[in-house]
Amino acid sequence: MQHYAWNWGILVTQPYVFWILSGLLWTMLVALAGWVLALALGSILGVARTVPNRVVRALAAAYVEYFRNVPLLVQIFLWYFVLPELLPEGAGRWLKRDLPNAEFWTAVLSLGTYTACRVGETLRAGIESISRGQTSAGLSSGLTMAQVYGYILLPVAYRVTVPALTSEFINIFKNSALALTIGVLELTSRTRQIAEFTYNAIELFTCATVIYALISLVVTYAMRIAESRARLPGMIASQPTDA
Amino acid sequence: MHPCLSAVGAAFLATVIVVPAGAQELYGTLKKIKESGSIGIGHNSDSPPFSYIGKDGKPEGYTVDLCLKIAEGVKQELKLDKLEIRYTQLIATTRIPLLLNGTIDMVCGTTTNNLTRQKQVDFLSTIFITGNRILTRKDSGIKDLEDLQGRRVTVNQGTSNEKIIKDLDAKYNLGIRFLDTKDQPQGWIALETGRSDAHVTDEVVALGLIAKSKEPDKYATVGRLLSFDPYSIVVRRDDSAFRLVGNRVLADLFRSGEIDTIYKKWMSTINMPMTEQMKMVFQSQAFPE
């Protein structure tokens, strides 16, 4: 790369520095809002995958298979370009023209529904790892099925799956870069944009890489704190670490 | 003079004159091409009629043709028996890194030559001139820039189009609601599905999009040209030997009029006759040998 005109100063030059910061802000917003949706929907899915009712289990399984098997990018396009055409004209038009920040909400919906299937599967594994005796004990002591889930299964399942959920949380930040394909000016699109204007692509992608890595490190650290705060004595994932 | 000495003198003279000319050190791109026996052409996938993937799956277009002419010129210059052409498909973000790291030797697309970019790369002679124009549905009521007030407008992320229309929006306080699309096909879908009222892009690209669409009669480019965009083939910086070969090939095409044939071959597909301005530009770059 002997011909490359290095210019690291570009990263702190106006207006580019503000573009990067605004991109970072949108990345955080898309990922965090998507994560809220993913956790809520994923919890429902995790429960639905394990309840005794076969119909509910089958529906949840169908959801998981669809969202897990169709590439996320395709899902985003389906939500953004195809859904409005399938709806009645008025509703489609509202989605396309009047919904404020339509790109943002579409991105949140796509990321959230996709990540939900992964969260759901993780929680299912967590719930299934708890011995059947616990459910039986709960039911025989007079709890309803809903109470067994609420008081016994879910609290344990969330705790034992924290490491796996951490990965999903990190993934949603990285996957949020796909939001640029429908016009959300998040971190990756902003750095690409500046790279196109200045042709200093290497500096900008290095910058994006470092920022994504930092986000991942912060998430990992925060989740580790959450894990140790919520630990239950005697559970595998709750051993206090010396680190 | 002693015949022997004069022979020595002649030999010496011959050495002085011939050696530097014959053994002139190749450097940069020409040296790389000679050593590898191949030249790398970077092309787009979606910019008809300049640079795109044709029906047979091979890259083709106006810029690609010109790059092939240059490759032919390089082959002659280096007296090679065979020169392999290696194609690499580019997207906006890969074109400069791949050029600078030597994967490709020329970017053959629809790149606007501007001075900011010249800090990083070099451009050959101008091969086409266009400018930003508004692409819209004929029944949208949009006639020129001012009509974009408060409307929903798509423009592709990171393009010179984006910079220009956003500057104009700020300057005239139009309050345009932008949708920053990723590439031309998505800008087009947004317009076609009524998600946006207009798409701002290079006029010639807009004409290509209209020509390819399902209902070409419904769309038009409107208003004045919003910018001046000269297209050039991009090469590495500080490599005047290679740039000279490229510009010589282009100058020959401009001088001989062969450019007219190539131009017609591609631009007729989008009904873009050669303008007086284009003729002037070609003439002014038809440098004599």
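## Contact between chains A and B

In this predicted model, 27 residues of chain B and 24 residues of chain A make up the contact, where two residues are in contact if their C-beta atoms, placed from the backbone, lie within 7 Å. On the side of chain B that touches chain A, helix 4 (92-100) and strand 10 (177-181) of chain B are the elements that give two or more residues. Helix 4 of chain B gives the most, with five residues. By class, this side of chain B has seven nonpolar, 10 polar and 10 charged residues. Ala, Val, Leu, Ile, Met, Phe, Trp, Tyr, Cys and Pro count as nonpolar, Asp, Glu, Lys and Arg as charged, and the others, Gly among them, as polar.

Residues are numbered from 1 along each chain as its sequence is written, and chains are lettered from A and ligands numbered from 1 in the order in which they are written. Because the model is predicted, local features need pLDDT of at least 70 and side-chain atom pairs count only at pLDDT 80 or more, while totals for chains, interfaces and linings use all residues.

## Chain B overall

Chain B has 10 helices and 13 strands; helices (H or I, at least four residues) and strands (E, at least two) are DSSP runs, numbered from the N terminus. Along the principal axes, the C-alpha atoms of chain B fill a box of roughly 90 × 35 × 35 Å. Of its 289 residues, 41% count as buried. A residue is buried if 20 or more other C-beta atoms lie within 10 Å of its own, exposed if 12 or fewer, and partly exposed in between, with C-beta atoms placed from the backbone. Among contacts in chain B with a separation of 6 or more, 78% come from residues 24 or more positions apart.

## Domains of chain B

Chain B is divided into domain 1 (26-130 + 229-284) and domain 2 (132-222), with bounds that come from an automatic or database domain assignment. The C-alpha centres of the two domains of chain B lie 27 Å apart. In the contact between them, 14 residues of domain 1 of chain B meet 13 residues of domain 2 of chain B. Strand 2 and strand 7 (122-130) of chain B each supply at least two residues of the domain 1 side. That side has six nonpolar, six polar and two charged residues.

## Sheet and crossover

Strand 3 (residues 51-53) and strand 4 of chain B are joined by two bridges, and I53(B) has P59(B) as its bridge partner in strand 4. In the loop between strand 2 and strand 3 of chain B lies P49(B), which is joined to P48(B) by a cis peptide bond with omega about 0°.

Strand 9 (residues 152-156) and strand 10 of chain B pair in the parallel sense over five bridges. T154(B) has L179(B) as its bridge partner in strand 10 of chain B. The chain passes from strand 9 through helix 5 (residues 160-172) to strand 10 of chain B in a right-handed β-α-β crossover: with the strands pointing away from the viewer, the path from the first strand over the helix to the second runs clockwise.

## Nonpolar cores

A nonpolar core is a set of buried Ala, Val, Leu, Ile, Met, Phe, Trp, Tyr and Cys residues joined through C-beta atoms within 7 Å. In the largest core, of 72 residues, C67(B), M106(B), V107(B), I233(B) and V234(B) touch the most other members. Helix 3 (residues 62-77) of chain B gives the most to this core, with seven residues. Domain 1 and domain 2 of chain B each contribute at least three residues to this core. A second, separate core of 41 residues includes W35(A), Y80(A), L111(A) and Y158(A).

## Local features

G42(A), in helix 1 (residues 16-48) of chain A, counts as buried because it has 26 C-beta neighbours inside 10 Å. Beyond four places in sequence, G42(A) is in contact with A116(A), V119(A), G120(A) and L123(A).

N173(B), in the loop between helix 5 and strand 10 of chain B, has a positive phi near 55° without being a glycine. N173(B) counts as exposed, with 8 C-beta neighbours inside 10 Å.

Definitions and conventions. Pairing = 2+ DSSP bridges.
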